[in-house]
Amino acid sequence: MYKMILNKYNAMPLQVKAAFWFFACSVLQKGIATITTPIFTRLLTPEEYGSYSIFNSWLGIISVFVTVALTQGASYMGLYKFNEKRNSFLSSMQGLTLTMAALWTCIYFLFHNYWNRLFSLNTVQMISMLVIVWTTAVFEIWAGEQRTKFNYKYLVLLSVSMAVAVPATGIFFILHSDDKVTARIFSIALVQVIGYSGLFIRHMLKGKKFCDSYFWKYALLYSFPLIPQALAETVLNSSDRIMISRMIGDSEAGIYSLAYTLSLIMMIVSTAITQTMSPWIYQRLKNRNIDGIAPVATFSLMLVAGVNLMLIAVAPEVLKMFAPANYYEAVWVIPPICMSAVGMFLCNLFAKLEFYYEKTYYVMIGSLIAAIANIVLNYIFIRRYGYFAAGYTTLVCFLLDASCHYVFMRVICKKYLNGKGIYEIKPILAIIAGFLTLGFILMLLYSHVIIRYIVISVACLIVLFNMKKIGGRVKLLLLLKKEGL
């Protein structure tokens, strides 16, 4: 049995092996992060956990400005455009990221008291943030190179090593520090400097180009239009925690952040499906063979909705495993955020045509509309109903974002596909309506454990009786990657 599996693995094309290991690496990274969450929720109070979550929210926003969205596409697409000068291009990109990080560090030191007050962070936390932004960009540039060359071994080894080292070092620093939030943040910066600095040196030694004006101009012209879109997406994912902290308190932000973290566990499934479907859909669009896309997309959405319903159903029990009693209020935020994850998958599904036909300004418009709506709704409803409202405003805004992308998708279909859509909207609407209804019913049953588990048991029996049919669809989905390569 072992030899048969090994022979099948050895017979796989390099691209398929790389795709498998890139996915496995993503699962391992998220898995390790998930496993360590109960440790940090017990080492940190809700207020401290909230402060750390707010730091991460600001980190996402600031990284867009510091890196000028360089890792959103320019550093990756340039590997194809300048393939013959790959090493020079990569060293120039590393030079550009270091220059931008150094420039913003100087700006910070000139007005450090202002920035500290604005972000409610101390000097060590702010410097650590800038270091994390730079080292993360260094890694992303190197990782993009590895993916284009299908060098999965080094990427997986480094990613998993860092996924272990970061929380392990964080736990050690927290246990030996009075300021636990700063200790957690500083430990990440320290580990990333040790783990990623060598990648920067490697690219510099191979490319020997710190600054190439042609490469820098290309990267900046490519990246600047992506800044609003990258910023809007980050705001949509982060503004709720920042606003809860400012309007209510860090403790409530910490409880909400835990709910957000647990709700995104199932993103492993949706990310895997997205990575599998994307090359396949693009290949179908290239060949003008779009007839088979709709049923696969519909089943994929159903699968993502199903796994999120599983988490909603057992959210009270999962929360008790991951955190002490002072976090238990978070259970009422998990359902709407799980529903938001399905809305996020739907956005991605519709936006594939925007990316394929290079209409990225549509992506920017949709993201900006949803981000602005999120800030406005948070301001109104968090003040009125407390931090629980943020989960529902996030859900509304992701559904709004999906609606925008659907409209843009229809415009693209009319222009490039003679008006023929690649998805069937009626089944999609039926799945979303059914998912939202069942999700809210399960939430209402949190106080009625016996009834909830009867419903769960019936659902499990239905799945069991249809396992052969579901298994066949899942197998088909797994085979798409090979067709899309």
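Predicted model: local features only at pLDDT ≥ 70, side-chain atom pairs only at ≥ 80, totals over all residues.
Student: OK, then how do α14 and α16 sit relative to each other?

Tutor: Helix α14 covers residues 293-313 and helix α16 covers residues 334-356, and their axes come within 9 Å and cross at roughly 165 degrees. Because angles over 145 degrees count as roughly antiparallel, α14 is roughly antiparallel to α16. The crossing of α14 past α16 is right-handed.

Student: Which residues make that contact?

Tutor: From α14 the contact uses Ala297, Ser300, Leu301, Val304, Ala305, Asn308, Leu311 and Ile312, while α16 brings in Pro335, Cys338, Met339, Ala341, Val342, Phe345, Leu346 and Leu349. Sorted by class, the contact of α14 with α16 holds 14 nonpolar residues, two polar ones and no charged ones.

Student: What about α14 and α19, how do their axes cross?

Tutor: The axes of α14 and helix α19, which spans residues 425-444, come within 10 Å and cross at roughly 5 degrees, which means that α14 is roughly parallel to α19. On the α14 side, the residues in this contact are Thr298, Leu301, Met302, Ala305, Asn308, Leu309, Ile312 and Ala313, and on the α19 side they are Pro427, Ile428, Ile431, Ile432, Phe435, Leu438, Gly439 and Leu442. By class, the contact of α14 with α19 is made up of 13 nonpolar, three polar and no charged residues.

Student: And α15, at what angle does α14 cross that one?

Tutor: The axes of α14 and helix α15, residues 315-322, come within 5 Å and cross at roughly 70 degrees, so α14 and α15 are roughly perpendicular to each other. Here Leu311, Ile312 and Ala313 of α14 meet Ala315, Pro316, Glu317 and Val318 of α15. The contact of α14 with α15 has six nonpolar residues, no polar ones and one charged one.

Student: New topic: where is Pro38, and what does it touch?

Tutor: Pro38 is in helix α2, which runs over residues 14-43, and leaving out residues up to four places away in sequence, Pro38 touches Met321 and Phe322. Pro38 and Phe322 are 284 residues apart in sequence, yet their C-alpha atoms are 4.3 Å apart in space.

Student: Why does Pro38 count as buried?

Tutor: Pro38 has a relative accessible area of 16%, and buried means under 20%, so Pro38 is buried.

Student: Next, Ser187: is that one buried or exposed?

Tutor: Ser187, which is found in helix α9, residues 180-207, is buried, with a relative accessible area of 0%. A polar atom of the Ser187 side chain lies 2.7 Å from the backbone oxygen of Arg184. Apart from neighbours within four places in sequence, Ser187 is in contact with Thr169, Gly170 and Phe173.

Student: What about Gln192, which helix is it in and what does it contact?

Tutor: Gln192 also lies in helix α9, and with a relative accessibility of 10% Gln192 counts as buried. Setting aside neighbours within four places in sequence, Gln192 is in contact with Ile132, Thr135, Thr136, Met162 and Ser197.

Student: Where are Ser120 and Lys208 placed?

Tutor: Ser120 is in the loop between α6 (112-119) and α7 (123-148), and Lys208 is in the loop between α9 and α10 (213-223). Ser120 counts as exposed at 52% relative accessibility, and Lys208 is exposed with a relative accessible area of 67%.

How values were computed
Residues numbered from 1 in each chain as written. Heavy atoms only, no water. Axes fitted to C-alpha atoms, helices over the stretch in contact; angles between N-to-C directions. Helix = DSSP H or I, 4+ residues; strand = E, 2+ residues; numbered from the N terminus. Parallel < 35°, antiparallel > 145°, perpendicular 65-115°, else oblique. Left-handed = near helix turned anticlockwise from the far one by under 90°. Contact = heavy atoms within 4.5 Å. Nonpolar A, V, L, I, M, F, W, Y, C, P; charged D, E, K, R; others polar. Buried < 20%, exposed > 50% of the residue type's maximum accessible area, 1.4 Å probe, protein only. Polar contact = N/O pair within 3.5 Å; in protein donor to acceptor, adjacent residues only side chain to side chain.
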